[in-house]
Amino acid sequence: MHFSRPSGPNPGHREFSSVEHLSAEAVAGFVDNELPTIAMNRARIHLVHCQECRAEVSEQRRAAERLRRIADEKVEVPSTLMAKLTSIAQSCPEGPDAQEVAHPRGETILAKVEVFYRAVRKNQGK
Ligand SMILES: [Zn+2]
(Lines give C-alpha, C1' and ligand atoms only; values in the text may rest on other atoms or scores of the structure.)
Protein backbone atom coordinates (compact mmCIF):
# COMPACT_ATOMS: atom_id res chain seq x y z
CA MET A 1 0.00 0.00 0.00
CA HIS A 2 1.43 3.38 -0.90
CA PHE A 3 0.11 6.88 -1.16
CA SER A 4 1.21 9.44 -3.66
CA ARG A 5 2.87 11.96 -1.42
CA PRO A 6 3.90 15.50 -2.24
CA SER A 7 7.61 15.67 -2.94
CA GLY A 8 9.94 16.68 -0.14
CA PRO A 9 9.82 15.54 3.47
CA ASN A 10 7.34 17.20 5.74
CA PRO A 11 9.05 18.21 9.01
CA GLY A 12 5.84 17.74 10.97
CA HIS A 13 5.21 14.36 9.42
CA ARG A 14 7.21 12.25 11.86
CA GLU A 15 4.68 13.03 14.58
CA PHE A 16 1.90 11.52 12.54
CA SER A 17 1.96 7.89 11.60
CA SER A 18 -0.50 6.60 9.05
CA VAL A 19 -0.82 3.33 10.95
CA GLU A 20 -1.80 5.08 14.15
CA HIS A 21 -5.53 4.48 14.05
CA LEU A 22 -8.08 6.60 15.82
CA SER A 23 -9.15 5.30 19.20
CA ALA A 24 -12.80 4.57 19.85
CA GLU A 25 -12.93 7.74 21.95
CA ALA A 26 -11.42 9.76 19.13
CA VAL A 27 -13.93 8.37 16.65
CA ALA A 28 -16.83 9.16 18.96
CA GLY A 29 -15.44 12.62 19.67
CA PHE A 30 -14.93 13.26 15.98
CA VAL A 31 -18.51 12.28 15.15
CA ASP A 32 -19.85 14.45 17.97
CA ASN A 33 -17.54 17.30 17.02
CA GLU A 34 -16.18 17.32 20.55
CA LEU A 35 -12.47 16.90 19.90
CA PRO A 36 -10.06 19.80 20.37
CA THR A 37 -9.29 21.50 17.07
CA ILE A 38 -5.83 19.93 16.81
CA ALA A 39 -7.23 16.46 17.39
CA MET A 40 -10.01 17.12 14.88
CA ASN A 41 -7.45 18.08 12.26
CA ARG A 42 -5.32 15.04 13.01
CA ALA A 43 -8.35 12.79 12.78
CA ARG A 44 -9.40 14.41 9.50
CA ILE A 45 -5.96 13.90 8.01
CA HIS A 46 -5.91 10.30 9.14
CA LEU A 47 -9.37 9.65 7.74
CA VAL A 48 -8.26 10.83 4.32
CA HIS A 49 -5.82 7.93 4.20
CA CYS A 50 -7.45 5.31 6.35
CA GLN A 51 -10.44 3.44 5.04
CA GLU A 52 -10.67 1.42 8.25
CA CYS A 53 -11.19 4.46 10.43
CA ARG A 54 -13.54 6.01 7.87
CA ALA A 55 -15.71 2.92 8.18
CA GLU A 56 -15.55 3.29 11.95
CA VAL A 57 -16.64 6.92 11.73
CA SER A 58 -19.54 6.23 9.39
CA GLU A 59 -20.69 3.43 11.65
CA GLN A 60 -20.64 5.81 14.61
CA ARG A 61 -22.53 8.37 12.56
CA ARG A 62 -25.20 5.86 11.66
CA ALA A 63 -25.62 4.99 15.33
CA ALA A 64 -25.90 8.66 16.24
CA GLU A 65 -28.41 9.28 13.48
CA ARG A 66 -30.47 6.31 14.56
CA LEU A 67 -30.71 7.80 18.03
CA ARG A 68 -31.63 11.18 16.60
CA ARG A 69 -34.39 9.61 14.52
CA ILE A 70 -35.74 7.86 17.58
CA ALA A 71 -35.69 11.16 19.45
CA ASP A 72 -37.60 12.79 16.58
CA GLU A 73 -40.19 10.04 16.47
CA LYS A 74 -40.74 10.42 20.17
CA VAL A 75 -42.27 13.84 19.48
CA GLU A 76 -45.12 12.08 17.71
CA VAL A 77 -45.84 9.77 20.64
CA PRO A 78 -49.42 10.32 21.87
CA SER A 79 -49.80 12.32 25.07
CA THR A 80 -50.99 9.28 27.00
CA LEU A 81 -47.70 7.61 26.24
CA MET A 82 -45.85 10.80 27.10
CA ALA A 83 -47.58 10.76 30.49
CA LYS A 84 -46.50 7.18 30.92
CA LEU A 85 -42.94 8.11 30.01
CA THR A 86 -42.98 10.92 32.52
CA SER A 87 -44.22 8.62 35.27
CA ILE A 88 -41.61 6.02 34.36
CA ALA A 89 -38.93 8.69 34.52
CA GLN A 90 -40.20 9.88 37.90
CA SER A 91 -40.64 6.50 39.53
CA CYS A 92 -37.01 5.74 40.08
CA PRO A 93 -36.76 2.11 41.16
CA GLU A 94 -34.37 1.21 43.93
CA GLY A 95 -31.43 -1.00 43.10
CA PRO A 96 -29.81 -1.51 39.75
CA ASP A 97 -31.68 -3.24 36.99
CA ALA A 98 -30.27 -4.63 33.77
CA GLN A 99 -30.48 -1.27 31.98
CA GLU A 100 -28.64 0.57 34.71
CA VAL A 101 -25.91 -2.04 34.68
CA ALA A 102 -25.58 -1.52 30.95
CA HIS A 103 -25.27 2.24 31.44
CA PRO A 104 -23.55 2.63 34.79
CA ARG A 105 -22.70 6.25 34.17
CA GLY A 106 -23.02 8.88 31.53
CA GLU A 107 -26.48 7.63 30.69
CA THR A 108 -27.90 10.12 28.25
CA ILE A 109 -31.46 11.17 27.70
CA LEU A 110 -31.20 9.55 24.28
CA ALA A 111 -30.30 6.23 25.85
CA LYS A 112 -33.38 6.47 28.04
CA VAL A 113 -35.48 7.41 25.06
CA GLU A 114 -34.22 4.40 23.15
CA VAL A 115 -35.10 2.06 26.00
CA PHE A 116 -38.55 3.62 26.22
CA TYR A 117 -39.00 3.49 22.47
CA ARG A 118 -38.29 -0.24 22.46
CA ALA A 119 -40.87 -0.74 25.20
CA VAL A 120 -43.43 1.21 23.18
CA ARG A 121 -42.75 -0.85 20.05
CA LYS A 122 -43.16 -3.99 22.10
CA ASN A 123 -46.50 -2.82 23.48
CA GLN A 124 -47.80 -1.85 20.08
CA GLY A 125 -46.80 -5.22 18.68
CA LYS A 126 -49.27 -6.98 20.95
ZN1 LIG B 1 -6.97 4.32 10.83
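A residue is called buried here if 20 or more other C-beta atoms lie within 10 Å of its own.

**Figure 1. Overview of the predicted model of the protein chain.** The protein chain holds six helices and zero strands, and its elements, taken from the N terminus on, run α-α-α-α-α-α. Of its 126 residues, 7% count as buried. Among the contacts in the protein chain with a separation of 6 or more, 69% are accounted for by residues 24 or more positions apart. The average pLDDT of the protein chain is 76, and 67% of the residues score at least 70. Over residues 7–18 the pLDDT stays under 50, and for this stretch the model has four contacts beyond four places in sequence.

**Figure 2. The buried residues of helix H1.** Val-27, Phe-30 and Val-31 are the residues shown, and in H1 they are buried. These residues lie on the same side of H1, because they cover an arc of only 95° around the axis. As a general point on such an arrangement, an α-helix has 3.6 residues a turn, so residues three or four places apart point the same way.

**Figure 3. The largest nonpolar core of the protein chain.** This core has seven residues, namely Leu-22, Val-27, Phe-30, Val-31, Leu-35, Ala-43 and Cys-53. Its largest share, three residues, comes from helix H1, which spans residues 24–31. In soluble globular proteins, nonpolar side chains tend to be buried together. Within this view Phe-30 can be followed to its partners: with residues up to four places away in sequence left out of the count, Phe-30 touches Leu-22, Leu-35, Met-40, Ala-43 and Val-57.

Figure 4. Not counting residues up to four places away in sequence, Gly-29 touches Glu-34 and Leu-35. Met-40 is also included in the view: Gly-29 and Met-40 are eleven residues apart in sequence, and their C-alpha to C-alpha distance in space is 8.5 Å.

**Figure 5. Asn-33 in the loop between H1 and helix H2.** The loop leads from H1 to helix H2, the latter made up of residues 37–49. Asn-33, which follows H1, has a positive phi of about 65° although it is not a glycine. With 7 other C-beta atoms within 10 Å, Asn-33 is exposed, since a residue counts as exposed if 12 or fewer such atoms lie within that distance.

**Figure 6. Helix H4, residues 79–90.** H4 has twelve residues and reaches 16 Å from its first C-alpha to its last, close to the 16 Å expected at 1.5 Å a residue. The number of buried residues among the twelve of H4 is zero, so this helix lies largely in the open. Leu-81, one of the residues found in helix H4, is partly exposed, with 16 other C-beta atoms within 10 Å. Leu-81 and Phe-116 are 35 residues apart in sequence, whereas in space they are 10.0 Å apart, C-alpha to C-alpha.

Technical notes
Residues are numbered from 1 along each chain as its sequence is written. This is a predicted model: local features need pLDDT of at least 70, side-chain atom pairs count only at pLDDT 80 or more; totals for chains, interfaces and linings use all residues. Helices (H or I, at least four residues) and strands (E, at least two) are DSSP runs, numbered from the N terminus. Two residues are in contact if their C-beta atoms, placed from the backbone, lie within 7 Å. A nonpolar core is a set of buried Ala, Val, Leu, Ile, Met, Phe, Trp, Tyr and Cys residues joined through C-beta atoms within 7 Å. The arc is that of the directions from the helix axis to the C-beta atoms. The expected span of a helix is 1.5 Å times one less than its number of residues. pLDDT is the predictor's confidence in each residue, from 0 to 100.
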